[in-house]
Amino acid sequence: MRNLVALRQPGILLLLVTCPLLTILHGVTCKAESGHLGDNDPDRCMRHHFVETITHPIYKCNSKMVLLARCEGHCSHTSRSDPLISFSSVLKQPFKSTCFCCRPHTSKLKAVRLRCSGGTRITATYRYILACSCEECS
């Protein structure tokens, strides 16, 4: 996982933070994906990788396997609902609710070209998740 090492020399403080190799390769910062450095909860909101086979639903094309990511896990924030006070007899929105969801924080657009019968090519696009975070649900 992540290691934090402090080396002290007279007048110099050097901090080394090591990240998992996959996060370095994808250019993601070392901050824990839940937003809290050093959060070791395995069920926290974080990115999970999986492999999916992309095929076209109608045309006969070669399939391609791609690496995808999803955001999954719980957020440490508490969800709640507070009553709203109104000076009207009609309460359209009687409560103000807040909850936090594990959502993509940053992503990038990727494309895969499939070779189809007759020599045609079809491009499939998708968003690849770079980092997840707990955000207020809408």
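**Salt bridges, surface patches and strand contacts**

A search of the whole structure finds two salt bridges, each defined as a side-chain nitrogen of Lys or Arg within 4 Å of a carboxyl oxygen of Asp or Glu. The structure is a predicted model, in which local features need pLDDT of at least 70, side-chain atom pairs count only at pLDDT 80 or more, and totals for chains, interfaces and linings use all residues. Residues are numbered from 1 along each chain as its sequence is written, and side-chain values use heavy atoms, with hydrogens and water left out.

The protein contains one helix and eight strands. Helices (H or I, at least four residues) and strands (E, at least two) are DSSP runs, numbered from the N terminus. The order of elements from the N terminus is β-β-α-β-β-β-β-β-β. Of the 138 residues, 23% count as buried. Buried means under 20% relative accessible area, exposed means over 50%, and partly exposed lies in between (1.4 Å probe, protein chains only). Accessible areas come from the Shrake-Rupley method with a 1.4 Å probe; for residues, only the protein chains shown count as cover. Among contacts (heavy atoms within 4.5 Å) with a separation of 6 or more, 51% join residues 24 or more positions apart.

Side chains of opposite charge can pair when their charged atoms come close. Arg70 and Glu72 form one of the salt bridges, at 3.2 Å from N to O. Glu72 is partly exposed because its relative accessibility is 41%. Arg70 has a relative accessible area of 36%, so Arg70 is also partly exposed. Another salt bridge joins the side chains of Arg80 and Asp82, at 2.7 Å from N to O. Asp82 has a relative accessibility of 30% and therefore counts as partly exposed.

Ser81 lies in strand 5 (residues 80-83). Ser81 is partly exposed, because its relative accessible area is 47%. Ser81 and Phe95 are separated by 14 residues in sequence, and their C-alpha atoms are 6.1 Å apart. Neighbours within four places in sequence aside, Ser81 contacts Lys96 and Ser97.

Thr98 belongs to strand 6 (residues 95-98). The relative accessible area of Thr98 is 18%, so Thr98 is buried. With neighbours within four places in sequence left aside, Thr98 is in contact with Thr78, Ser79, Arg80 and Glu136. Arg80 also takes part in the salt bridge with Asp82.

Lys64, Arg113, Arg115 and Arg121 form a positive patch. Lys and Arg count as positive and Asp and Glu as negative; His and the chain ends are not counted. Charges are placed at NZ of Lys, CZ of Arg, CG of Asp or CD of Glu. Arg121 lies in strand 8 (residues 121-136). Arg121 is partly exposed, because its relative accessibility is 46%.

A nonpolar surface patch of about 300 Å² is made by Val51, Met65 and Leu67. Met65 sits in strand 4 (residues 64-72). With a relative accessible area of 64%, Met65 is exposed.

Key: Patch = residues over 30% accessible without salt bridge, like charges linked within 9 Å, V, L, I, M, F, W, Y side chains within 5 Å.
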